[in-house]
Amino acid sequence: MRRKYNSGHWDGAIVSYREMEKLEWNGANTTIMSKFEEHVFGSTSNGLSATHVLDLHEDGYIKPHIDSIKFCGALVSGLSLLSDAVMRLKLDESNYADVLIPRLSVYIMSNDIRYKYTHEILPNVASISGREVNRTRRITVMKRSRESDHSISNP
């Protein structure tokens, strides 16, 4: 991605980012993406064909939001690259959890977490369980279930 970082997203949820939708991968990456999809969905045919790639600048962050069901179904998964990050899942102001997302890890959000909790990626210096997390540039490769799938029985 050689484009400039965008200052704000169309829905106001992302600050200082670049993004793209990817339909095809080279040979080695096709193998990796197939394994990722099989791990998340059980096969390579249950996810949307496009892969969303989000490049978050080290000064960027993602504000609290719930992804629209217009664009995908009940399951959102991410392969987190380059940097650790802290994701906050929030039901309301007094009920939230901060989750460490280590670099080179996969996370999956579905059902109640997907529809009832907002999620956000905290700014570049956050702490979790007393550990300071200095997030740098973060790339996330995301796969989503199809729009018609609004319930996952066993993610």
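Predicted model: local features only at pLDDT ≥ 70, side-chain atom pairs only at ≥ 80, totals over all residues.
As for pairs of aromatic rings, the structure has zero.

## The chain as a whole

Zooming out, the chain contains two helices and 11 strands. Starting at the N terminus, the order of the elements is β-β-α-β-β-β-β-β-α-β-β-β-β.

The chain has 155 residues, and 41% of them count as buried. Now take the contacts between residues at least 6 apart in sequence: 76% of these join residues at least 24 apart.

## Helix H1, end to end

Helix H1 covers residues 27–41, which makes 15 residues. From its first C-alpha to its last it reaches 21 Å, close to the 21 Å expected at 1.5 Å a residue.

What happens at the two ends? At the start of H1, Asn26 has a side-chain oxygen that comes within 3.3 Å of the backbone nitrogen of Ala28. Just after H1, Gly42 adopts a positive phi of about 90 degrees.

Which residues of H1 are buried? They are Met33, Phe36, Glu37, Val40 and Phe41. These residues span an arc of only 100 degrees around the axis, so they end up on the same side of H1. Their cover includes strands E3 (51–65), E4 (75–81), E7 (105–110) and E11 (138–144).

Notes. Residues numbered from 1 in each chain as written. Heavy atoms only, no water. Phe/Tyr/Trp six-rings, centres within 6.5 Å; stacked < 30°, edge-to-face > 60°. Helix = DSSP H or I, 4+ residues; strand = E, 2+ residues; numbered from the N terminus. Expected span 1.5 Å × (residues − 1). Buried < 20%, exposed > 50% of the residue type's maximum accessible area, 1.4 Å probe, protein only. Arc of directions from axis to C-beta. Contact = heavy atoms within 4.5 Å. Polar contact = N/O pair within 3.5 Å; in protein donor to acceptor, adjacent residues only side chain to side chain.
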